[in-house]
Amino acid sequence: EDVHIPSRRVLITGATGLLGRAVFKEFNENNWNAVGCGYRRAQPRFEQINLLDSIAVHDIIHDFQPHVIVHCAAERRPDVVESQPDAASQLNVAASGNLAKEAAGVGAFLIYISTDYVFDGTSPPYKETDVPNPLNLYGKTKLEGEKAVLENNEDAAVLRIPVLYGDVERLEESAVTVMFDKVQFSNKSANMDHWQQRFPTNVKDVATVCRQLAEKRMLDPSVKGTFHWSGNEQMTKYEMACAIADAFNLPSSHLRPITDCPVVGALRPRNAQLDCSKLEMLGIGQRTPFRAGIKESLWPFLVDKRWRQTVFH
Ligand SMILES: NC(=O)c1ccc[n+]([C@@H]2O[C@H](COP(=O)([O-])OP(=O)(O)OC[C@H]3O[C@@H](n4cnc5c(N)ncnc54)[C@H](OP(=O)(O)O)[C@@H]3O)[C@@H](O)[C@H]2O)c1
């Protein structure tokens, strides 16, 4: 029996991570031949490639000959980047530049995933042409990664996105889902940041944007350079926590909004809202309402599922 193998090939780095899993699924389900790479969690589903190993990177790209590469792998925890700056820079900057060079060698379209943390958050919303000014080392390494990519591959794309949520393996995997236990264990009061303005974005929406961008580029070689994508619901973490409580009919009176600028950890931009009109003008985009998206993602982690019976009986 003939097995249909799609002719369009995509390689996804970080396919074991929060965003990469969604990107792999999106391409795989839309008639692309997708190969995912991971590192520590790669086995058994994905290729195990250390992106710091330039020979392994060269070999997989030359063997697979992808038309598109979506580069999701990175060290993205700001506090880890501050404590291990050299390792973070190797992955976020040097490995990204090398991947861009290898992509150029086989004519593959590279999409480098970047962050709203390249901006200082003082004059939102930010267009692709606005001057970045990262406040913390994570933002700096991601911005240097953007430059390394575009220097090595002038036909590549940079896609900047804000804080992500989606189907998580553990609640700690996303800065949004990690709040769930504080929300559902309402016997304890919990302080929640009400200073930083965020735009929580569903990984499925970013994955769709990556596929649409790749498909647009297959038709039009002028599609390249820097792009922004973001959800459009502005919320502090306190407001996200209240929305989560509301979505599951849980109390929120134990949640306490903290309006002061946080003093611990890496510096964060107050409001790095991304202007997405450039992608919208190309007809690209998808936005899942936060309440629906977060409910779907958190449902498996709901401890008290009793209320479900009142719905179905
Ligand atoms: N999460 C957010 O809120 C957010 C916000 C804005 C932008 N971003 C950007 O979005 C992208 C995806 O983030 P994410 O949240 O999906 O990250 P993540 O869940 O932390 O996943 C990181 C990925 O990088 C891989 N990786 C780490 N070291 C590697 C190495 N030496 N060689 C090969 N692969 C390696 C990991 O593989 P193993 O686990 O298998 O080792 C994993 O698949 C990143 O570029 C990040 O900067 C994320």
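Colleague: Is K224 buried, exposed or partly exposed?
Modeller: The model is predicted. Buried would need under 20% relative accessible area and exposed over 50%. K224 has a relative accessible area of 33%, so K224 is partly exposed.

Colleague: Which parts of the chain does the salt bridge of K224 and D155 tie together, and how many residues apart are they?
Modeller: The side chains of K224 and D155 meet at 3.0 Å, N to O. K224 lies in the loop between α7 and β10, and D155 in the loop between α5 and β6. The pair therefore ties together parts whose separation in sequence is 69 residues.

Colleague: Which helices does the salt bridge of E296 with K204 link?
Modeller: The closest N and O atoms of E296 and K204 are 2.5 Å apart. E296 is partly exposed at 48% relative accessibility, and K204 is partly exposed at 34%. The two residues are 92 apart in the chain, and the helices they link are α10 and α7.

Colleague: Are α8 and α10 roughly parallel or roughly perpendicular?
Modeller: Their axes come within 10 Å and cross at roughly 70°. Angles of 65 to 115 degrees count as roughly perpendicular. The arrangement of α8 and α10 is therefore roughly perpendicular.

Terms used
Residues are numbered from 1 along each chain as its sequence is written. This is a predicted model: local features need pLDDT of at least 70, side-chain atom pairs count only at pLDDT 80 or more; totals for chains, interfaces and linings use all residues. Side-chain values use heavy atoms; hydrogens and water are left out. Axes are lines fitted to C-alpha atoms, for helices over the stretch in contact, and angles run from 0 to 180 degrees between N-to-C directions. Helices (H or I, at least four residues) and strands (E, at least two) are DSSP runs, numbered from the N terminus. Angles under 35 degrees count as roughly parallel, over 145 as roughly antiparallel, 65 to 115 as roughly perpendicular and the rest as oblique. A salt bridge is a side-chain nitrogen of Lys or Arg within 4 Å of a carboxyl oxygen of Asp or Glu. Buried means under 20% relative accessible area, exposed over 50%, partly exposed in between (1.4 Å probe, protein chains only).
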